Amino acid sequence: MIPEKVPKEDVLLASEEMRKQAHVSSFENFKELYVKSVESPEEFWGDVAKEFFWKTKHTGQFLDYNFDVTKGEIFVKCMEGATTNICYNVLDRNVYEKKLGDRVAFYWEGNEPGDEKIVTYRELLQQVCKFANVLKSQGVKKGDRVSIYMPMVVELVVAMLACARIGAVHSIVFAGFSAESLCERIIDSRCSLLITADGFYRGDKLINLKLIADEALQKCRDKSFPVERCIVLKHLSKEEHESLSLGSLSPPAKRSCPDLQQEKQKGNVRKVRSIPKVPWKPEVDVCWHSLMEGASDECEPVWCESEDPLFILYTSGSTGKPKGVLHTVSGYMLYTATTFKLVFDYHPDDIYWCTADIGWITGHSYITYGPLANGATSVLFEGLPTYPDVSRMWEIVDKYHVSKFYTAPTAIRLLMKYGNDPVHKYKRSSLKILGTVGEPINPEAWQWYYNVVGEGRCPVVDTFWQTETGGHVLTPLPAATPLKPGSATFPFFGVVPAILNESGEELEGPNEGYLVFKQPWPGVMRTVFGNHQRFETTYFKKFPGYYVTGDGCRRDKDGYYWITGRIDDMLNVSGHLLSTAEVESALVEHEAVAEAAVVGTPHPVKGESLYCFVTLADGMNYTTTLEAELKKQVREKIGAIATPDYIQNAPGLPKTRSGKIMRRLLRKIASNQRDLGDVSTLADTSVIEQLFENRCCTAHM
């Protein structure tokens, strides 16, 4: 599983100074702990559990499970019999036991430079208690589901932790999703209440969130599922006194909404910054600030069983219907806390910044729960990496002296397009560790991130995990594992990977196939909400006895794991299994290519042919000469079998709002199929028609 020794060639090593300070300080240290975590999970995770508060101790087996559908129902149980509260552990424990009340929990950085706020652990605890009492006043109780549809403001963290404090189950919907998507998730999770905001800016674009929420609630009513309460935060429209006195942690936005209007209140006329023409339904809508004004800042936590649900988070399904991934209290708490501490080698003087949105699992695990469980100080960012200019990220790094930085390969490739100068405008001397998340990072982007952003001194932790896994499952540890650019390296503690062939046989040594896991870790999902059969079918039916990730993986001669992309992104060309990620990496090595996406189209002889979409760097033109160069480069990098059959110039690619390329749509375009299915998560629909117009003529179609 873990090699006896790691190579000393073609790898990058952490500095001696980092190894001296690290929690896991050497490869030998890592191996020793890994063996303990796999062979004696109760002892390994039991040591972790001692750091947290338990109202009652666990009585049964520490980690019990069945991964084999032929032997009965699939289940995972962690610390049965124990009771705790995750909100108590991430806030009260830090404020009262660890005396961290005055430590900064979040530096909030708004969309506009200069919009900022500092929130301490004590302040956060007070606001969470107040809002927990608000939820109780609205009839929310343990086990109820609460839908949250909010921008990246501190109140989003307050709302989710308030739910956790009273044992309610939060279901956060990314604020870029449509009314239909919000409605679908509210109904599927049977939410009793919605929490939203008036609106927010993403760069120059106004998102009128309340209008979208109203439309979603109307759709719910039309489908005979009325939501009786909607709590609305005034984010863009609040005034200074509301910010300071009515339980708001984010300051008034510097850029308010247009069309300032006059509002009469108790006979007085006062000027308010308000989103115009937003209907207010008094029978449904209630104001966050008014509710908070009268709420007590003391709220006893509700003690929850270990396997009580903590949250539901929806992720895409192959059928098009999103899956409500369910995570539970204790195991998720232990796993996110431990992965955060060890993968980012967290120390109390660190300033940590994860650029993800809390609407995704990365934000749940590595903005909210993992960092707060460790008493960490984080940056919470509302804006975009390119607004108001392409140096914004590095400006923020310098402003807050960020030491641990976690972002997506999509953002890295985007910023690469603008060259090194925007990065070099700022010192970035505080940076110690860089991380990537969301998709495999191609070695070229990895090298730019390492050499330009990190100046060759910051280890890059390229983390592989999923909404379903709860936290990192394949990842380097910055001081312990020598790095290979683009590799997810080795499994995290307690995680036992295997690579299977199509017949379900485990492959040894260097090989490529299906990535699976042989046993659970505390943070793995427990079910698909309301549909356990779908959970079993999706993750366990194909290979009984294994959790099936749906990703392809290659293990090299040194034992390093390389994620090759989703299994449906693996191409079978003339009997050879090709990874789309590998072809894409070869294409973007060319100086003219900023981004590439590769899909397969049916071929009467080869089975599948390679159809490549390429987005060119600024100032580059697509020519037949360039096309020939690209084909030659792929052929030389991978082999003749991987030579692209078709290359299409694609000024824009279809992406989700989180920046992931929607390869399902690209396969439709490559095959000239106009029935696209669900496109509700598509950020920019205009690129679709452009891609159809410019598609290559595939002779065999």
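Where is the place of methionine 79? Methionine 79 lies in the loop between strand E2 (75–78) and strand E3 (83–84), and view A shows this residue. The model is predicted, so to speak of local features a pLDDT of at least 70 is needed, side-chain atom pairs count only at pLDDT 80 or more, and totals for chains, interfaces and linings use all residues. Residues are numbered from 1 along each chain as its sequence is written, and side-chain values use heavy atoms, with hydrogens and water left out.View A. Methionine 79 is a residue other than glycine, and its phi is near 55°. At 3% relative accessibility methionine 79 counts as buried, where buried means under 20% relative accessible area, exposed over 50% and partly exposed in between (1.4 Å probe, protein chains only). Lysine 99, also not a glycine, has a positive phi of about 60°. Lysine 99 sits in the loop between H4 and strand E4 (104–109) and is exposed, with a relative accessible area of 66%. Helices (H or I, at least four residues) and strands (E, at least two) are DSSP runs numbered from the N terminus.

**View B. The aromatic pair of phenylalanine 53 and tyrosine 88.** Rings of Phe, Tyr and Trp (its six-membered ring) pair if their centres lie within 6.5 Å; planes under 30 degrees apart count as stacked, over 60 as edge-to-face and the rest as tilted. By this rule there are 45 aromatic pairs. Phenylalanine 53 and tyrosine 88 form a tilted pair, with 5.0 Å from centre to centre and 45° between the planes. The two residues are 35 residues apart: phenylalanine 53 is in the loop between helix H3 (41–49) and strand E1 (63–66), and tyrosine 88 is in helix H4 (residues 86–97). Phenylalanine 53 is partly exposed at 26% relative accessibility, whereas tyrosine 88 is buried at 18%. An unreviewed UniProt entry lists residues 31–90 as "domain: Acetyl-coenzyme A synthetase N-terminal"; UniProt positions are given in the numbering used here, feature names are shortened, and annotations may be inferred rather than shown by experiment. Over residues 31–90 the chain is 38% helix and 17% strand, with 29 Å between the end C-alpha atoms.

**View C. An aromatic cluster and two charges over rings.** One aromatic cluster is formed by Phe27, Phe30, Tyr34, Phe44, Trp45, Tyr335, Phe490, Phe492, Phe493 and Tyr560. The charged end of lysine 484 sits over the ring of tyrosine 560, at 4.7 Å from its centre. A charge sits over a ring if NZ of Lys or CZ of Arg is within 6 Å of the ring centre and within 35 degrees of the ring normal. Arginine 674 lies over the face of phenylalanine 692, 4.0 Å from the ring centre.

**View D. Phenylalanine 131 in the largest nonpolar core.** A nonpolar core is a set of buried Ala, Val, Leu, Ile, Met, Phe, Trp, Tyr and Cys residues joined through side-chain atoms within 4.5 Å. The largest core has 157 residues, and among these Phe131 and Ile195 touch the most other members. Helix H6 (residues 154–165) gives the largest share of this core, ten residues. A second, separate core of 30 residues includes Trp394, Ile396, Ile412 and Trp448. Apart from neighbours within four places in sequence, phenylalanine 131 is in contact (heavy atoms within 4.5 Å) with Val158, Ala159, Ala162, Ile195, Ile231, Trp288 and Met292.

**View E. Helix H13 and the residues on either side.** Tyrosine 387 and proline 388 are joined by a cis peptide bond, with omega about 0°. Proline 388 is in the loop between strand E19 (377–381) and H13. Within helix H13 (residues 392–400), Arg392, Met393, Trp394, Ile396, Val397 and Tyr400 are buried. Histidine 401 follows H13 and has a positive phi, near 55°.

View F. Arginine 202 is in strand E9 (residues 200–202) and is partly exposed, at 28% relative accessibility. Arginine 202 and leucine 384 are 182 residues apart in sequence, and their C-alpha atoms are 6.5 Å apart. Not counting residues up to four places away in sequence, arginine 202 touches Asn111, Ile207, Glu382, Gly383 and Leu384. Valine 119, in strand E5 (residues 116–120), is buried at 0% relative accessibility. The C-alpha atoms of valine 119 and alanine 105 are separated by 5.8 Å, and the two residues are 14 residues apart along the chain.
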